[in-house]
Amino acid sequence: MAQHDYVISNQSFPNTRSDINNVLSAINSSNSGSSRPSGAVAGTIWLDTSGGVTAHILKFYDGGADIT
């Protein structure tokens with residue numbers, strides 16, 4: 001499970017590649033985490049894992065609030 005700010009910083013090659021791999025991991029895991037991703041914009045879908053392994057909730061950020 002991963003989240004990312006969706007900003008790929010200018011940096012050396014190995015660090016850029018790692019940053020790209022991290023953003024792809026966030027996409028692949030539906031931005032899973034216990035809170036909304038820091039880089040969320042209107043339309044971001046994320047998986048709220050704060051309820052534990054059996055209580056994941058899919059949320060949609062509309063730009064002002066998270067909708068379950």
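Which residues does G39 touch, not counting residues up to four places away in sequence? In this predicted model, local features need pLDDT of at least 70 and side-chain atom pairs count only at pLDDT 80 or more, while totals for chains, interfaces and linings use all residues. Residues are numbered from 1 along each chain as its sequence is written, and side-chain values use heavy atoms, with hydrogens and water left out.

View 1. Leaving aside residues up to four places away in sequence, G39 touches H4 and D5, a contact being defined by heavy atoms within 4.5 Å. The C-alpha atoms of G39 and A2 are separated by 13 Å, and these two residues lie 37 residues apart along the chain. With a relative accessibility of 25%, G39 counts as partly exposed; buried means under 20% relative accessible area, exposed means over 50%, and partly exposed lies in between, for a 1.4 Å probe and protein chains only.

**View 2. The protein as a whole, with 1 helix and 3 strands.** The order along the sequence is α-β-β-β, where helices (H or I, at least four residues) and strands (E, at least two) are DSSP runs numbered from the N terminus. The C-alpha trace spans about 40 × 25 × 15 Å along its principal axes, and 26% of the 68 residues count as buried. Among contacts between residues at least 6 apart in sequence, 23% join residues at least 24 apart. The accessible surface comes to about 4,400 Å², with 53% of this area belonging to carbon and sulfur atoms; accessible areas come from the Shrake-Rupley method with a 1.4 Å probe, and for residues only the protein chains shown count as cover.

**View 3. Pairing of strand 2 (residues 57–61) with strand 1 and with strand 3 (residues 66–67).** Strands 1 and 2 pair in the antiparallel sense over 5 bridges, pairing being assigned if DSSP finds at least two bridges between two strands. The bridge partner of W46 is K59, in strand 2. Strands 2 and 3 are likewise paired in the antiparallel sense, over 2 bridges, and Y61 has D66, in strand 3, as its bridge partner. The hairpin of strand 2 and strand 3 has 4 residues between the strands, and in this hairpin G63 takes a positive phi near 100°.

**View 4. A nonpolar surface patch that includes Y6 and L24.** The patch, of about 440 Å², is made by Y6, I8, I20, L24 and I27. Patches are made of residues with over 30% relative accessible area and no salt bridge, with like charges joined within 9 Å and nonpolar side chains (Val, Leu, Ile, Met, Phe, Trp, Tyr) joined within 5 Å; a salt bridge is a side-chain nitrogen of Lys or Arg within 4 Å of a carboxyl oxygen of Asp or Glu. L24 is placed in helix 1 and is partly exposed, with a relative accessible area of 48%. Y6 is placed in the segment before helix 1 (13–28).

**View 5. Positive phi at Y6 and at N31.** Although Y6 is not a glycine, Y6 has a positive phi of about 60°, and this residue is partly exposed, with a relative accessible area of 37%. N31 is not a glycine either, and has a positive phi of about 55°. N31 is found in the loop between helix 1 and strand 1 (44–48), where N31 counts as buried at 7% relative accessibility.
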